[in-house]
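Dear colleague,

Please find below the structure that I am handing over to you. My findings follow it.

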Amino acid sequence: MLAVNDLNLVVKTGEVYGFLGPNGAGKTTTLRLLSGLLHPTAGSATVAGAAPGTSASLARLGAMVETPAFYPYLSGRDNLRVMARYSSASKSRIEPVLKQVDLADRARHKFRTYSTGMKQRLGVAAALLKDPALLILDEPTSGLDPQGTVEMRALIGDIRREGRTVLLSSHLLNEVELTCDRVGVIAKGKLVAEGTVDELRARSGGTALLVRATPLDRAQRLLESFLGADHVRVTEGVLALTVDPSQAAAINRRMVADGIDVSELRVSEQSLEAVFLQLTETPNPDASPQGERKAL
Amino acid sequence: MIASLRAEALKSRKRWANWILFGILLLTLLVFGYVLTYVILKNPPRNFESPVPASVLKRQVFPENLLPNVLSSISTIGAAIMIILGSLSTASEYGWLTVQTILIQKPGRVAVLCGKLLNLAIITLLVGIVALASAALTSYLLVSIDGGSSSFPPATTLFKGFGALWLQLAVWTAFGMFLGIAFRSTAAAIGGGLTYLFVGEALIARLFRDTPGVKEILKFLPGVNGSAVNATFGLTFRSPNTNAPLVDATRGSITLLVYLLLFTLLALLIFQRRDVGGS
C-alpha cells in the first residue's frame with residue numbers, strides 16, 4: 001500500500017507548520033519517515049540539515065510521534081533520565097523541561113498513573129530534552145479535554161517563542177488555525193495545498209458577504225444585475241455574495257435606495273473546515289460551506 | 001553505545017520483573033537444588049529406592065559437586081528464566097512503543113541494540129556470579145551442618161565451570177532477545193521460547209535421543225550441547241541417571257558460541273532493517 005506519494009514540502013526555520021489531513025492521509029507515516037523510524041521506498045528528505053534517522057539529524061530533532069510512549073514502571077523523571085542517557089543530553093535539562101510542561105509536581109509518580117494530558121506533556125518534555133532546533137509533534141492534543149487542549153496550545157506557543165521550528169500534525173482544524181504560521185494539507189498521501197490559513201481560504205473561495213434582505217427575490221435580481229449572476233448565490237434564505245468586502249457599504253446603499261429592507265449584512269470567511277473538506281474531498285453533509293467569523 | 005548501556009542499566013535496575021525473575025532463579029536453585037535435596041536425602045523415606053545409597057547421593061549438595069549441581073539447575077530453570085529476561089528486554093519495547101521513543105533520541109539502531117546486548121551480558125555475568133556464590137555458601141553451610149568434610153573444586157575448574165555457566169545463560173538470553181525482536185510481542189516471544197525449551201529440547205530430545213536421524217539433529221540443539229559441556233563437570237560419584245552426552249565438550253562449547261553469535265547477529269539484522277511502525 002502506498003501511504004505517502006510524491007510529497008514535497010518545506011518547513012522554514014522558526015515557523016510553526018501545521019500538517020493537516022484526515023485520519024489515514026499519511027501524516028504519521030510522513031513524520032515517521034522524517035524521524036528515521038521508517039525507510040522510504042523512494043525519495044529523500046533533509047531534517048535539520050541531515051538525512052532522517054542519522055545522528056546529525058536526530059541531535060537537532062525532538063519528536064513525539066503518534067503517542068507518548070514511555071516505560072510504565074518508571075516515574076516521569078526516570079523516564080526522562082533514560083531518554084537523556086540515550087540522547088546524551090545533560091541531566092541538568094530534566095528539571096527545566098519538567099517545569100516547562102508543568103509536570104514537576106508529578107515527576108516522581110509512575111508513568112502508568114498519568115492522565116492522557118500528563119502523558120502528552122511528558123512526551124513534549126522528552127522531545128525538548130535535547131534542546132532541539134526542530135520539534136515534531138504528532139497530534140499533541142489528541143485525547144485531551146478542553147482544559148488540556150488550551151494548556152497544550154499555550155505550551156506550543158511558549159516553544160514557538162523560544163525560536164524553535166515546529167512541525168505540528170493534526171486533524172483538528174481549530175488547533176492548526178490558532179497555532180500555525182503555515183499549513184500543508186495532505187490527502188491520500190499527497191500534499192494537496194500549502195500556504196497560510198488565509199491563503200488557503202482565498203484559494204478555496206475566500207471571503208463572502210452575507211445578506212439577509214426582504215423581499216429576497218427582488219434583492220437577488222438587483223444584486224445579479226449589479227454584481228453579475230456568478231457572484232450571487234442563495235443559501236437557506238441568505239444571499240452569499242463573492243465580492244470584495246469593501247463593497248459592503250455600496251451594496252447596502254443600492255438595496256436601500258431600491259426599497260429593499262436589509263436586516264443583516266456581514267462578512268463571512270470560509271472556515272478552515274470548509275477549506276479542508278474541499279481540499280481533501282471529504283463529503284460532510286453537516287458542515288456549512290460558509291463559517292461566520294465576524295459581523296460587520 | 002555507552003550512552004545506551006547506561007540507559008539500559010537504569011531501566012533494568014528499576015524494573016521489578018527482572019528482580020522477581022532473579023529471585024525465582026535463586027530460590028529454585030537454593031531451595032530445590034540444595035536445601036530440599038539435602039533434607040530428603042539426609043532422612044530418606046522408607047520407600048526410597050536407588051542404586052546409589054542416599055548417604056552418597058546427598059553429596060551432590062556438598063562443595064565438591066558445586067559445579068555439576070549448579071549447571072544442572074541452570075540448564076533447566078535457568079534457561080527458562082533467561083529466555084524470559086531476554087524476551088522482556090526487547091519485546092516490551094515494542095509492546096509499549098518505547099522503541100520509537102528511543103530511536104528518536106540520538107544513538108542509532110546499532111548503538112541501541114549493542115547497549116542492550118552489553119547490558120544483558122553484564123546481567124548474565126552478575127546472575128552467574130551470584131548464583132554460583134550463593135550455591136557455594138549454601139553447600140558450605142550444608143556440609144557444616146552435616147558434619148562431614150568436602151572441599152570446593154580447584155580455582156581453575158571453578159573458573160572453567162563459571163565460563164560454562166555464563167555461556168549457557170548468555171545463549172538463552174540472546175535467544176529470548178532475538179525472539180522478542182522477531183515477534184515484537186512479549187507473550188509470543190516468551191511462549192515460543194519456553195515451548196521450544198520444554199518441548200523441543202527437553203521432551204523430544206529425551207524421547208528420541210536414540211532414534212537414528214533424529215539423534216543427528218539433536219546434536220545441533222543448544223540444550224543438548226549445553227548438557228555436553230556440563231558433563232565435563234561430573235558428580236564425584238557415579239549417578240545411574242546420567243546419560244552419555246551426544247557430543248564432546250569442545251564441540252558443545254563451539255556450538256553454543258555459534259548460537260550466541262547467530263542470535264545476536266539475527267537480532268541486530270532485524271532491528272537495523274525493520275521499520276518501526278505504530279499500533
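Helix 3 of chain A, residues 76–87, has 12 residues and reaches 17 Å from its first C-alpha to its last, close to the expected 16 Å (1.5 Å times one less than its number of residues). Helices here are DSSP runs of H or I of at least four residues, numbered from the N terminus. The model is a predicted one, in which local features need pLDDT of at least 70 and side-chain atom pairs count only at pLDDT 80 or more, while totals for chains, interfaces and linings use all residues. Residues are numbered from 1 along each chain as its sequence is written, and chains are lettered from A and ligands numbered from 1 in the order in which they are written.

Helix 3 of chain A is largely enclosed by the rest of the structure, because 12 of its 12 residues are buried (20 or more other C-beta atoms, placed from the backbone, within 10 Å of a residue's own). Among them are A:Gly76, A:Leu80 and A:Tyr86. The cover over these buried residues includes helix 4 (94–100) and helix 5 (116–128) of chain A, together with helix 1 (2–14) and helix 5 (98–104) of chain B. Just after helix 3 of chain A, A:Ser88 takes a positive phi of about 60°.

Between the chains, 28 residues of chain A are in contact with 24 residues of chain B (C-beta atoms, placed from the backbone, within 7 Å). Helix 3 of chain A gives the most to the side of chain A that touches chain B, with 7 residues.

Yours sincerely

How values were computed
Helix = DSSP H or I, 4+ residues; strand = E, 2+ residues; numbered from the N terminus. Contact = placed C-beta atoms within 7 Å.
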